[in-house]
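The exercises below are meant to be worked through with the sequence and the model open side by side. Try each task before reading the solution that follows it.

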Amino acid sequence: MKSFGFSIAKPRSLEIDGESLERLHRLEEKEPSFKRCFNCGGCTATCSAGQFTDFNIRRVHNLYRWGRYQELGEELRKCMLCGKCTLVCPRGVNLRHLIVSMRELLNEL
Amino acid sequence: MKDKKERPGERRTWSLLPKALRPRIEVQTQEERPVVAIIGAGPAGMEAAIQIARQSCQVLLFEANADLALNLQNKYKLFPDMSDAQTLAQGMMLALEHPLITVYRQTPIKHVVQVENFHWQVFTEDNRVFKATAVLLCTGYEVFDARRKEELGYGIYNGVITSLELENMFKQEHISTLTGDSPKRVVFLQCVGSRDEKVGNRYCSKVCCVTAVKQAIELKRMHPETEVYVFYMDLRMWGKGFEEMYRVAQEQYNIRFVRGRISEAAGTFDGGVQIKAEDTLIGKPLKMRTDLLVLMLGMEASCGTKQLAKSCGIVGDYGFAGSLDPHLNDNHTHRKGLFLAGTCKRPMSLTDVIADARSAAMEIINYLSKQ
Ligand code: SF4
Ligand code: SF4
Ligand code: SF4
């Protein structure tokens, strides 16, 4: 059969259900300041890793919020824990500890 | 001294003076007092009436409905201090019981006409005519009719309710889905009927953002187990304490804010609602099932506002009444003696409405003193 290069794609959209939030609650317990994030992007703007790669720490923690863990393991390894993001966050989110906690929780998977 | 109650130095001394030197105390008769007609007895009309009466002017306060301050009475708690709306309404109504204020309930006004300088006539629907020296429009707003956003399914799916209906549930202290269960998930949608070209309203209604935050917190207080999401385009936390309330909503109540506009809602077989939006902060479409979808309704000019603004020739934007200028003459119109206060001009918070009513009262007193 002739191939036209089409295939059936998996749906991209996020389907939100109860279970996917369990790990989010645990992250919020480990680092409660995370709940205060209002997505300003200050952390991403200053991020050392983000200057040289497409690493986007704000996007990373949003993907975690929705339980998109598969996409995160690789990403999180790019962070070098320099802590600049924590210094600039206007809502006082302890991002460095957040990232370490995310890594811990993702390691369980 | 025979009369011990009388304080020395006042009347007794005057009465010793020759008549020509005694201070003249004028008792104004009803006829001599300037009369101000206020149309609409919401918070703006009531507050202005109280302030104007305190300055010894006669006030005629007209209300189309049998009840005063209906929009306010529909509220449960007020942002940002979560004080009780009924207490505030009752307090204002009590202050209305002033000898110089006459309240006409169930008296819709057909039109107002300026006969000459300092002389207006107010015509009621049932063809009575009242004379007034100045007229103040306080005809207020109406909430947007959610049925006009068909794609959001209001009036079609039971799980879709309005912010007004939710407020009523708070008043009854009972939140439930139509099947009587307490909701496991509730989604709020901002900007319904505002900032929307499709319904002809480009403006922001100003209070729905903070109202959603307030309602989300109230919901969490009553049902801590319920998951609460707020879908927004911008969060406009402009007033005193608003931003702090938003932070408390996130931090203490774990309310989740998602940037993106829900553009579709559909009923699910089990009586819930399936919504579609984009999480614009990560750029992914999103589907979610919720027990209740709460539409945060915007403000539009009320029927009375539209009709009177039109007949007086002072129509501003979107059918609201237009003031002379937004800075120094925001209570004035280009008609001498016709003034505006409150949400007949544009969406406003209750705090701003009361301040605006007081400023209108002062402008009117100034105007009357030039008579
Ligand atoms: S700690 Fe990680 S995320 Fe934060 S600025 Fe440094 S590299 Fe970026
Ligand atoms: S700087 Fe802080 S508030 Fe801003 S996006 Fe990063 S974590 Fe969130
Ligand atoms: S106050 Fe908020 S919800 Fe209301 S119209 Fe403005 S931006 Fe939208």
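**Exercise 1.** How many salt bridges does the rule find across the interface of domain 1 of chain B and domain 2 of chain B?

*Solution.* Before counting, note that this is a predicted model, in which local features need pLDDT of at least 70 and side-chain atom pairs count only at pLDDT 80 or more, while totals for chains, interfaces and linings use all residues. Residues are numbered from 1 along each chain as its sequence is written, chains are lettered from A and ligands numbered from 1 in the order in which they are written, and side-chain values use heavy atoms, with hydrogens and water left out.

Step one is to find the two domains: the assignment for chain B gives domain 1 as 30–140 + 302–369 and domain 2 as 146–298, the bounds coming from an automatic or database domain assignment. Step two is to apply the rule, under which a salt bridge is a side-chain nitrogen of Lys or Arg within 4 Å of a carboxyl oxygen of Asp or Glu. Across this interface the rule finds 1 salt bridge. A salt bridge to look for in chain B is that of Lys206(B) with Asp352(B), whose closest N and O atoms are 3.6 Å apart.

**Exercise 2.** Describe the rest of the interface between the two domains of chain B.

*Solution.* Begin with the positions: the centres of domain 1 of chain B and domain 2 of chain B, taken over C-alpha atoms, are separated by 32 Å. Their contact (heavy atoms within 4.5 Å) takes 16 residues from domain 1 and 24 residues from domain 2.

Next comes the buried area, which is the accessible area (1.4 Å probe) that two parts lose on being put together, summed over both. For these domains of chain B it is about 1600 Å², with 67% of it on carbon and sulfur atoms.

Finally, the rule finds 3 residue pairs in polar contact across this interface, both residues at pLDDT 80 or more. A polar contact is a pair of N or O atoms within 3.5 Å; within protein, one must be able to donate a hydrogen and the other to accept it, and residues adjacent in sequence count only if both atoms are side-chain atoms. On the side of domain 1 of chain B that touches domain 2 there are 9 nonpolar, 4 polar and 3 charged residues, where Ala, Val, Leu, Ile, Met, Phe, Trp, Tyr, Cys and Pro count as nonpolar, Asp, Glu, Lys and Arg as charged, and the others, Gly among them, as polar.

**Exercise 3.** Which residues of chain A lose the most area to chain B?

*Solution.* Start from the contact, to which chain A gives 24 residues and chain B gives 20 residues. The two chains bury about 2100 Å² between them, 47% of it on carbon and sulfur atoms. In chain A, the residues that lose the most area to chain B are Lys35(A), Trp66(A) and Arg91(A), together 26% of what that side buries.

Then turn to the pairs: the rule finds 5 salt bridges across the interface of chain A and chain B, and the side chains of Lys287(B) and Glu15(A) meet in a salt bridge of 3.5 Å, N to O. The rule also finds 14 residue pairs in polar contact across this interface. The side of chain A that touches chain B receives at least two residues from each of β1 (14–16), α1 (22–30) and α3 (57–65) of chain A, and its largest share, 4 residues, comes from α3(A). By class, that side divides into 8 nonpolar, 5 polar and 11 charged residues. The elements named here are DSSP runs, numbered from the N terminus: helices (H or I, at least four residues) and strands (E, at least two).

**Exercise 4.** Which residues come nearest to ligand 1, and which are closest to ligand 2?

*Solution.* A residue is counted as near a molecule if one of its heavy atoms lies within 4 Å of it. Of the 13 residues around ligand 1, the nearest are Cys47(A), Cys79(A), Cys82(A), Gly83(A) and Cys85(A). Ligand 2 is surrounded by 13 residues, of which Cys37(A), Cys40(A), Gly41(A), Cys43(A) and Cys89(A) are the closest. The shell around ligand 1 has 10 nonpolar, 2 polar and 1 charged residues, and the shell around ligand 2 has 8 nonpolar, 4 polar and 1 charged.
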